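Welcome, and please open your viewer. We will walk through this protein stop by stop, with something to select at each one.

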Amino acid sequence: MIDHLDAYTAPRLVEYFDGNPCQLRMMARRSMVQDSAAPSAAESVKSRATALGVKIEAEYSVGEYDIQILSAEQSDGLTTFLTENGYTLPKGAASTLSGYLKQGIKFFVAKVNLEAHAKRNATYLRPLQIAFESKMFMLPIRLGMLNARGEQELFVFTLTRNGQVETENYRTVEMPTGMDIPVHVKSEFDDFYRKMFKRQAANEPGVAFLEYAWNISWCDPCAADPLSRAELRKLGAWWVQPDGGGVRPQPRPVPGQRIMPRPPSGPVEVYVTRLHLRYSAETHPDDFMFKETSNKSNFQGRYVLRHAWLGKDQCEAATNYRRQLVDRWEKESQTLANLTGWKIDDIRQKQPRLADVGKPKPWWEDIWNK
């Protein structure tokens, strides 16, 4: 489900194909790119925890994990308890834990049960999904940064009823979007986006970047099929009516079309926000505090490829079109260089040549582009 949500909200490419200017026609194509929990605990462990001022609020064995929910009176007792139970804490953990304890925060501690993991015959650990209620809409990061080597990468996906989610104690900045870039980027889109994000993060440290914000019931263009009501409910959107629950199911995209139609019964009241953060103790010294806004405007990381018409027809419109291509390609090259920091001469070398315009198109292009 997380992979599906990631694909659905991912930055995307949109391709347009110039038509024959002599026929004044434009063709366009869009492309895109719980197990049951059983309580278990040793009385000696509980007694030791009590002596240290630590309370084991709950204890479970779930799949390959042994889990404890802990609260504590002071950080020294909590660090001692964790250390005695096999956890290695980074230097400076006591001070950070103390700040969390003052806020009344409890701790979710998961230990891998190697015997249970071996029975799964898998090399990966399954993700943990937890549910809780809190007046604080936040994500604690300071404890994790104590072990960090360099910058950390974080994607935050939120599903809300009312609108876009922003970081409250850091600026939320929209990623550059909507610009025309050279067509060769299609084969190197991953490199392009990574380089662009790295450049943006360096230019504006200490922010959260918005990559997608949209009502999840429709999209234009769609980077992946929309999530089903069942998936949304499993991801925590408990207010969504299940299929067959008196609300008409979400429509599916028309085959061959990547635009999701609006539901005839009204939109599903789920607004998805995708935030992308690159952080360190220097750029983001405080935990991430979020806020749900009433902003329901749409935003997506969207990058446009415009394929030149390569026909050989002769007319005044075609002559003017060919003259404009040189300026268009140069502008695309400059845009790409500004976004990524790539050398402009290297980008120009990959651009089409005006000599290619007017050559007959391959026989298969008209078939595949219809």
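A word to know before we start: a residue is buried when its relative accessible area is under 20%, exposed when that area is over 50%, and partly exposed in between, using a 1.4 Å probe and protein chains only. By that rule, buried residues make up 42% of the 370 residues in the protein.

Two notes on reading what follows. This is a predicted model, in which local features need pLDDT of at least 70 and side-chain atom pairs count only at pLDDT 80 or more, while totals for chains, interfaces and linings use all residues. Residues are numbered from 1 along each chain as its sequence is written, and side-chain values use heavy atoms, with hydrogens and water left out.

**The whole protein**

Start with a cartoon view. The protein has 11 helices and 14 strands; these are DSSP runs numbered from the N terminus, helices being H or I with at least four residues and strands being E with at least two. The protein exposes about 21000 Å², and carbon and sulfur atoms supply 51% of it. Such accessible areas come from the Shrake-Rupley method with a 1.4 Å probe, and for residues only the protein chains shown count as cover.

Select β3 (54–62) and β5 (107–112), the edge strands, each of which pairs on one side only. Together they form an open sheet in the order β3-β4-β5, with antiparallel pairing. Neighbouring strands here are turned by 20° against each other on average, direction ignored. Two strands pair if DSSP finds at least two bridges between them. Strands of a sheet pair through backbone hydrogen bonds, either parallel or antiparallel.

On its other pairing, β4 meets β5 in the antiparallel sense over six bridges. Pick I67 there, and its bridge partner in β5 is A110. Is β4 mostly covered or open? It is mostly covered, since seven of its eight residues are buried.

Next, show helix α3 (residues 75–84), which lies across β3, β4 and β5 and runs at about 160° to β4. Angles of this kind run from 0 to 180 degrees between N-to-C directions, and the axes are lines fitted to C-alpha atoms, for helices over the stretch in contact.

**Stop two: the nonpolar cores**

A nonpolar core is a set of buried Ala, Val, Leu, Ile, Met, Phe, Trp, Tyr and Cys residues joined through side-chain atoms within 4.5 Å. Select I181, F192, Y193 and Y303: of the 20 residues in the largest core, these touch the most other members. α7, β10 (207–215), β14 (302–307) and α9 (316–340) each supply at least two residues of this core, and α7 gives the most, with six. Apart from it lies another core of 18 residues, among them I216, C219, L232 and V240.

**Stop three: α7 meets α9**

Keep α7 and α9 on screen. They pack at an angle of about 60°, with their axes 7 Å apart. The two helices are therefore oblique to each other, a label for angles that are not under 35 degrees (roughly parallel), over 145 (roughly antiparallel) or 65 to 115 (roughly perpendicular). Show side chains for the contact: F192, K195, M196 and R199 of α7 with L336, N338, L339 and T340 of α9. Contact means heavy atoms within 4.5 Å.

First, M175, in the loop between β9 and α7. At 2% relative accessibility, M175 counts as buried. Not counting residues up to four places away in sequence, M175 touches Y193, M196, F197, Q200, F209, L210, E211, F299 and Y303.

Next, H184, in the loop between β9 (171–174) and α7. H184 is buried at 14%, and beyond its neighbours within four places in sequence it is in contact with L336, I347, K350 and Q351.

Finally, pick A201 in helix α7 (residues 189–203). A201 is buried, with a relative accessible area of 13%. Draw a C-alpha to C-alpha line from A201 to Y279: they are 78 residues apart in sequence and 8.9 Å apart in space.
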